[in-house]
Amino acid sequence: MDAKCISTIIIAIITCALVITSLLLDFKFKKLSLYWVISLLGAIVVVLINISNIKDVLRPLVSNSSINPLKILIFFLSMTILSITLDNLGFFNYLATKCTALAKNSQLKLFLIFYLMVSVLTVFTSNDIVILAFVPFICYFCKNSNISPTPYVFSTFVAANTWSMTLVIGNPTNVYLASFANIDFVSYFLKMVLPTIVCAIVSLLVLLVLFKKQLKQKIEQSDIIEIKIDKPLVIFNAIILGCCTILLAISSYLNLEMWYIALGFAIFEIVSNLIICSIKKQNCKFVLNSALRAPWAFVPFLISMFLIITCLNVNGVIKIISNIFSNTNSVLVYGTTSFLMSNIMNNIPMTTLFASVLGSGTFDLMAVYATIIGSNLGALLSPVGALAGIMFLKILKEKQVDFSVKQFVKYGIIISIASLASSLAILYLV
């Protein structure tokens, strides 16, 4: 290795370490999250080190390939806006209050109802949105009912990051790896549905064992604020999300890239809502809020990490890793290493790294699916595994719920290992 290669590796490692530290400690400057600033600065330094190969470094950003990060960002942000709009209209809170009423005074029944609802919604929206929508409500309800929120908030996190494997749209890492391997919507679902179901059953059983004592206690009567929603508008926006999902499922037959469909529906939804609100002469603030709540910091973060991985690739580092992984059990090796690496460098950088590793060696589709599993379930081991984990702990802190990183890992290590082992076993067998 020459000096340029060694420098690139060192800066990449330092950048990942600082990003993880900033996320865990929630470093901010005047309410500005610093994790994406750190990744951007790291990318600039790495690109400057590799300035002589600047064309090779920047080429993927302007290429027409399916893993162009700009396309993936457009797809992810568009789908996020579609889901956030429903949340802003009160749809998720409305469902939560209805489910709470069904449970009456049984904690076990409430636990199972919440788990089922979160699971179904995650499949058709995304894990991040479901966590953002439900965790605050659960904290409020549990405090009002004088019961421990731990079983409910943690099971919500587990369900969201397990069922997110079902469809391509469930997690940005799914989108990236499926795009890289040219896996269409239906093929992805057919391959991942069984590992996801088995994994979900295993994780649910573990959750029930972990929280058995707490769930036996009765719920005190509590007053839950009735959520009022604009039903026609909610139904309209739900139909838009449903139609978008259906078109994504048949996108390969229509010869349309998924980002075109997602962007088209997001624009249609925004324009339609503005027109409807104008006609009905009602406040359309929720439309602006949906756009503002989208994770825009994800844009510089993903592009920066993509550039760092590209520089590693240009210097031959990726090829070395690929050679190490060759001639092994791809499901086991890629599944476990992606799971562990998510908790060292976060699942987004890990995904870009592993896509490059997969692309530099003999292409192995099973390794792609194993990496998808590792990128989703890595979030269950520690908060570092995904941005969702950091966001989850931040919400709990704001709601004054006592749930530490140590507690997260204590529960997470049991559930994540059982979930990973079962899902990789099913993937290998089928």
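This is a predicted model: local features need pLDDT of at least 70, side-chain atom pairs count only at pLDDT 80 or more; totals for chains, interfaces and linings use all residues.
The crossing of α5 over α7 is right-handed, the near helix being turned clockwise from the far one by less than a right angle. Phe92, Asn93, Ala96, Thr97 and Thr100 of α5 meet Ile129, Ala133, Phe134, Phe137 and Phe141 of α7 (contact: heavy atoms within 4.5 Å).

Serine 304 lies in helix α16 (residues 298–314); helices are DSSP runs of H or I with at least four residues, numbered from the N terminus. Because its relative accessibility is 1%, serine 304 counts as buried (under 20% relative accessible area, 1.4 Å probe, protein chains only). A polar atom of the serine 304 side chain is placed 2.5 Å from the backbone oxygen of proline 300. Beyond its neighbours within four places in sequence, serine 304 contacts Ser39, Leu40 and Ala43.

The protein averages a pLDDT of 88, and 98% of the residues score at least 70; pLDDT is the predictor's confidence in each residue, from 0 to 100.

Residues are numbered from 1 along each chain as its sequence is written, and side-chain values use heavy atoms, without hydrogens or water. Local features need pLDDT of at least 70 and side-chain atom pairs count only at pLDDT 80 or more, whereas totals for chains, interfaces and linings use all residues.

Definitions and conventions: Helices (H or I, at least four residues) and strands (E, at least two) are DSSP runs, numbered from the N terminus. Buried means under 20% relative accessible area, exposed over 50%, partly exposed in between (1.4 Å probe, protein chains only). A polar contact is a pair of N or O atoms within 3.5 Å; within protein, one must be able to donate a hydrogen and the other to accept it, and residues adjacent in sequence count only if both atoms are side-chain atoms.
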